[in-house]
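Morning, everyone. Let's look at one structure together, starting with the inside of the fold.

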Amino acid sequence: MQFEDLTIAHIKDRTEEVGDCWIWQQGSTNGYPQMKVQGRCCKLVRRMVVELDGRPAQPRQPVVVTCGEARCVNPAHLKATSISDAGKRAAERGAWKGKARAAKIARTRRANVNKKLDMDKAREIRMSTILGMDPGANTGVATFIGGKLATLATIAPNEIERVLREVMPARVVFEDSRLQSHTWTRGKSGAASAKMARNVGQVDAWCFLITAVCGELGIAAHGVSPAGKGAKVNAERFAALTGWTGASNEHTRDAAMVAWPYRGAK
Ligand SMILES: [Zn+2]
């Protein structure tokens, strides 16, 4: 049959009506209804139907069904559409579920690799983080990362535990008042001696807290005797020694100096 002789009625004769769908009963290619027509290279029935219906599709314009029946050729259920619309319809049918799933798996795999890299990086930073602490009413905290002095801070004793839990350093080096004999606490008066003893007792308690929290968290902690930590340094000497250019006070300098010999410890 020549295309010129073809009518929509001819096509309908080759279908079975199911509801208002015309289900193609003859050959198909990849599920697309097809028929032999002479003088035409395009033998796809859908394309011929829309052309016979006076709505010819452009050469690269897909003709899709709007009823969901892949083999339907009812002109009322066919329309020429854009390639991207055809893609959307195919996606709605789930045609790309396999590909979409594979892409999603690949994305998740990449995300997991990145997450692992982030965790490795965080672990590496943590493992090279060493805290120096000088416990007291104003507790000095110095953070060394990779052997370099990174931060100085002064915190209240009640913040010691929170800081340890948040920073989770590999090691804590602190000035341990418990390692010093307290003979010097004999003051001039009984009241002065009692006050000094109370203060010393408090610092001892904060040292105990550091040891206990580090023990719980699996952080290596070691106390350095106040006598063994060396002389106090002023801001200028401190800057020259550590390269620290920011502000410092006696508490933060003490914290940094107590950990200084251990700053690169593994
Ligand atoms: Zn239909």
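What percentage of the 266 residues in the protein chain is buried? Buried residues make up 24%. Buried means 20 or more other C-beta atoms within 10 Å of the residue's own, exposed means 12 or fewer, partly exposed lies in between, and C-beta atoms are placed from the backbone.

Two notes. This is a predicted model: local features need pLDDT of at least 70, side-chain atom pairs count only at pLDDT 80 or more, and totals for chains, interfaces and linings use all residues. Residues are numbered from 1 along each chain as its sequence is written.

The chain has 8 helices and 11 strands. These are DSSP runs, numbered from the N terminus: helices are H or I, at least four residues, and strands are E, at least two.

Now the core. A nonpolar core is a set of buried Ala, Val, Leu, Ile, Met, Phe, Trp, Tyr and Cys residues joined through C-beta atoms within 7 Å. The largest has 28 residues, and Ala142, Val172, Ile210, Ala256 and Ala259 have the most contacts inside it. Elements giving two or more residues include strand E8 (139–145), helix H6 (190–217) and helix H8 (250–259). H8 gives the most, with 5 residues. Apart from this core lies another, of 11 residues, among them Trp22 and Met48.

Next, H6. Its buried residues are Val203, Trp206, Cys207 and Ile210. They pack against E7, E8, H5, E10 and E11. After H6 comes Gly218, with a positive phi near 75 degrees.

Last, Ala256. Leaving aside neighbours within four places in sequence, Ala256 is in contact (C-beta atoms, placed from the backbone, within 7 Å) with Gly132, Ala142, Leu149, Leu152 and Thr242.

Terms used. Contact = placed C-beta atoms within 7 Å.
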